[in-house]
Amino acid sequence: MDSNTEQHAQSSHSLCEEVPHPTSHDISDETERDLTAANSADEYDEWLKSAQTHEVLLSPYYDSFVCGKNTKLGPKEDLAIEKSEKWIENTGVKFLSGRENLKKLCVLPKGHRGKCCDNFGDIFKKGEIRKQLKKKWNSAIYSTPGNDGYVYINRASRLYRFVLSKIQQKIIRDKKIKKSCAIPLQDASTPLLLCYAYVDYMVYVCNIKGIEKLLNTSAPQYKTIMDMLTSHKQHLIDQFAPRKIFDDEGYTMCVITQVRSRVEDFCDPTRDMRYDCRDTDIQLGHVECRSDRVVSIRGENLLPMSRRGNLIIGEHNFMKNTWIDELIRIIQLHT
Ligand SMILES: [Zn+2]
């Protein structure tokens, strides 16, 4: 297990979210920027402002039905500090502030019985699919994507203490040493926004056609969780209207190709989805793209997209018409 990952079971992550996103190309290939100007680190202020704005906007709604209390689960603080002392401190590199000892929040329905929890694992029947689903939401929601390890850690908690922007990480980037000491700003989130993102994600998981066979309907929280997800589904439909985010029968689909998703598009124990990928495999699609100036892992910003759909939309905003106009233009050119 990577020493920087979560303290609880999260030993191997599915890498199926790792299909090159237009904003995740090799950082070293980017045009060099003036690091003196960059040291002002304006991107942190913008990112923090974005996080704060979205928390204020989203919390009245989400906090009305999600527990949201602190859990004990979070990145290993002592290891993060050890790495930062070695590689970040005394280098002049600026990192995102206010990230001390962040913990995941409880995603169960408000007023639930029993212990607080960061996932809905109990509503699924025990077995291989449940294991795969847990890996899937850990890699998609709670962890950053894979990385080369030179500065950014290969998969770590999105709540990891040390966060560096693309510009700042260049100061300590050295292709001879894998420092693995921070996570990318564009992949970071806050406990509150991560909690909301998880609840959104589970709406899509629990509406996959065929998932009902895998649900443990006698789990203590089953009914309250499903009721919560049913009402939240309607909220998401309303938020994204006029775009369609479920198919005509209400099942989860790729929101770009509108092809209905199957359980094996989310998790498939018969193959290693990291290497044996299919166009229909479902990835986490962003409405507003990943960026060092906007927090993109948040409620109401993630949608299921197939690998194919994700490639088609690229960096465009799902709610704007630019990607559709481009496709229409291409069709006109070729017909
Ligand atoms: Zn709770």
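I began with burial along helix α6 and found it mostly covered, with 14 of its 15 residues buried. I am working from a predicted model, so I keep that in mind throughout.

Next I checked the length of α6, which runs over residues 191-205. From first C-alpha to last, the helix reaches 21 Å, close to the 21 Å expected at 1.5 Å a residue.

Then I turned to packing. Two packed helices are described by the angle between their axes and the distance between the axes. For α6 and helix α7 (residues 222-240), I noted axes that come within 10 Å and cross at roughly 95°. Angles from 65 to 115 degrees count as roughly perpendicular, so α6 is roughly perpendicular to α7.

Which residues make the contact? I listed V199, D200, M202 and V203 on the α6 side, and L229, H232, K233 and L236 on the α7 side. By type, I count 5 nonpolar, 1 polar and 2 charged residues in this contact.

My last look was at the backbone. Most residues other than glycine have a negative phi, and most peptide bonds are trans. Here are the exceptions I wrote down.

- A cis peptide bond joins A241 and P242, with omega about 10°; P242 sits in the loop between α7 and α8 (263-266).
- S180, in the loop between α5 (166-172) and β2 (183-184), has a positive phi near 35°. S180 counts as buried because it has 20 C-beta neighbours inside 10 Å.
- E300 has a positive phi near 60° and lies in the loop between β3 (282-286) and β4 (302-306). With 20 C-beta neighbours inside 10 Å, E300 counts as buried.

Conventions. Residues are numbered from 1 along each chain as its sequence is written. This is a predicted model: local features need pLDDT of at least 70, side-chain atom pairs count only at pLDDT 80 or more; totals for chains, interfaces and linings use all residues. Helices (H or I, at least four residues) and strands (E, at least two) are DSSP runs, numbered from the N terminus. The expected span of a helix is 1.5 Å times one less than its number of residues. A residue is buried if 20 or more other C-beta atoms lie within 10 Å of its own, exposed if 12 or fewer, and partly exposed in between; C-beta atoms are placed from the backbone. Axes are lines fitted to C-alpha atoms, for helices over the stretch in contact, and angles run from 0 to 180 degrees between N-to-C directions. Angles under 35 degrees count as roughly parallel, over 145 as roughly antiparallel, 65 to 115 as roughly perpendicular and the rest as oblique. Two residues are in contact if their C-beta atoms, placed from the backbone, lie within 7 Å. Ala, Val, Leu, Ile, Met, Phe, Trp, Tyr, Cys and Pro count as nonpolar, Asp, Glu, Lys and Arg as charged, and the others, Gly among them, as polar.
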